[in-house]
Amino acid sequence: MADEKKLTGRDEDYSAWYNEVVLRGELADYSPVRGCMVIRPYGYRLWELMRDQLDRRFRETGHQNAYFPLFIPQSFLSREAEHVEGFAKEMAIVTHTRLKAGPDGGLVPDPESRLEEPLVVRPTSETIIYEMFAKWVQSYRDLPLLINQWANVVRWEMRTRLFLRTTEFLWQEGHTAHATHQEAEEESRRMLGVYREFMEEWMGMPVVTGRKSPSETFPGADHTYACEAMMQDNRALQAGTSHHLGQNFSRQFNLKFATESGAEEYAYNTSWGTSTRMVGGLVMTHSDDAGLVIPPRLAPIQVVIVPIARKDDEWQTVLEKALSVAAALPGVRTHVDDRRNLTPGAKFYEWEIRGVPFRIEVGPKDIEKQQLVLARRVVADGEARKEFLPEAEVLNSLPARLEDFQEWLLMRARERRESNSYRGVTSYDEFRQIIEGPGGFVYTGWCGGSSCEERVKEETRATIRVIPDEEFRSVETPKGCVVCGQPATAEVVWARSY
RNA sequence: CGGGACGUAGCGCAGCCCGGUAGCGCACCUGAAUGGGGUUCAGGGGGUCGCGGGUUCAAAUCCCGCCGUCCCGACCA
């Protein structure tokens, strides 16, 4: 029976392991609607903590929140040709506004209520937002216009997976309008940097940043930047994107402004987004065979305190001590597990599967010795799982220990990524052996041709994740394309992805 | 839309081949003892066996049809 409670091992079946960790960690649950997800309170709190951090950064960089409609007139989508082509195949469409009794006793849409123009449920909001921007912008003095929206969107994907690809998901989409190409370019780079900083410093999830190849560019964008993280099965996860839209949308939505010299010009737009998918990335970056591992800065509960007692009179004393320990940790998100009907061991397992960074145990023996038992969710090889420390030391050192653990998780993830990255690969055979074997990030030269990219995708299911930014590039300039051998125009990162 | 599997209690499953009182584990409820790594014992509640039809004295079990779910592909800004 103990076996039943164990998780599927990470290395045995990664998908099953991931699902179990998410479900049993109580982040989310399946919903009656296929492909949709219920985010449970614990998972939602985690999302709120992420959201608050990002939102603060958006405000610090001059953005304001606003809200736009869920429904978009179908015709809006079709104004930008590439945009509609990219999204047309995964859309939910509203065509009627009433139901009536059908011939079989069930309900059918009332034909008389058919909408003249169908509404699509937003898969992203560029069209409706730039329609509004066009009304708001008259002069260069109205620019830049820096808006962000927290919302839900719907994309009717064929196959879904908790947090990583759900039919409906929560996200944030920033939309901006600028007077010049350069300003828009700076904006899209700036917001990519905001994402990267958040992912590394708060999620402990290192990312490779760079530009997308044309085939992976957002439909309607001039070019797209992205943050790519490596999961524990060595596949890539696109965790955030930032698009420079050029004047593609402003031309279609008539978003014009008067310049200083009185001339009329189309604005330059950017859009950028991150979603609840980041929660999945967090899970697949740190968690282990015992369950979730949540970095301290984002953990809904940072320290759980478990009182331990045999008899009722002991319980009162021990519980009071547990509460006083919690009170002595201001600014730390603590939780005292005062449930009387569970054994301590059962509680330990439960808080481990929920990824709480630190656990403090308080028993009669500890009170006597003025000590506490401290356990970190994950320790380095060879380190003790539990420490018996004087109470004062635990209280004084906890804030620093939380920060240490945060840093340690990032470092561990970075080391894992680097040991599964292959630089300077020149032979296609070697390339295939890596992708089809252990997997990982493979850095090679690329001629820039889409046919080489397509061939790799067909043969290995790997794609170009990014044309990496300078700091991620290997030292030598790539000599030739790993596929066709022609002169390379850039170094690229290949991987199988989610 | 192709290939494969599965549908029995909230969850995980056995039973089906060979038709005959619907079972097990976990979870849940009650009581007692327990409590420093998944406590133990005793008692209890919970089911149109995915749906429809057929064969039969009798169907979870055999036959036919349908529906649904999952996995692998295709798809995935």
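Which residues gather in a patch of positive charge on the surface? I looked this up in a predicted model. The patch holds Arg310, Lys311, Lys365 and Lys369.

I followed Lys369 next. Lys369 sits in helix α12, residues 364–369. I find Lys369 exposed, at a relative accessible area of 57%.

Then I checked Gln370. Gln370 lies in the loop between α12 and β20 (371–376). Its phi is near 55°, a positive value in a residue other than glycine. I noted this because most residues other than glycine have a negative phi. Gln370 is exposed, with a relative accessible area of 59%.

I turned to Phe163. Phe163 has a positive phi of about 65° and is not a glycine either. I place Phe163 in the loop between β9 and β10. Is Phe163 buried or exposed? Phe163 is buried, with a relative accessible area of 2%.

I also looked at the peptide bond from Leu143 to Pro144. That bond is cis, with omega near -5°. Pro144 belongs to the loop between α6 (126–136) and β9 (145–154).

Last, strand β16. Eight of its eight residues, 268–275, are buried, so β16 is largely enclosed by the rest of the structure. I sorted the side chains by direction. Tyr268, Thr270, Trp272 and Thr274 point one way, while Asn269, Ser271, Gly273 and Ser275 point the other way.

What pairs with β16? I find β10 (residues 168–178) antiparallel to β16 over eight bridges. Strand β13 (residues 236–246) is also antiparallel to β16, over five bridges. At Gly273 I noted Glu173 standing opposite. Thr241 stands opposite Gly273 as well.

Note on methods
Residues are numbered from 1 along each chain as its sequence is written. Chains are lettered from A and ligands numbered from 1 in the order in which they are written. This is a predicted model: local features need pLDDT of at least 70, side-chain atom pairs count only at pLDDT 80 or more; totals for chains, interfaces and linings use all residues. Side-chain values use heavy atoms; hydrogens and water are left out. Buried means under 20% relative accessible area, exposed over 50%, partly exposed in between (1.4 Å probe, protein chains only). Helices (H or I, at least four residues) and strands (E, at least two) are DSSP runs, numbered from the N terminus. Two strands pair if DSSP finds at least two bridges between them. Patches are made of residues with over 30% relative accessible area and no salt bridge: like charges are joined within 9 Å, nonpolar side chains (Val, Leu, Ile, Met, Phe, Trp, Tyr) within 5 Å. Accessible areas come from the Shrake-Rupley method with a 1.4 Å probe; for residues, only the protein chains shown count as cover. A salt bridge is a side-chain nitrogen of Lys or Arg within 4 Å of a carboxyl oxygen of Asp or Glu. Lys and Arg count as positive and Asp and Glu as negative; His and the chain ends are not counted. The place of a charge is taken as NZ of Lys, CZ of Arg, CG of Asp or CD of Glu.
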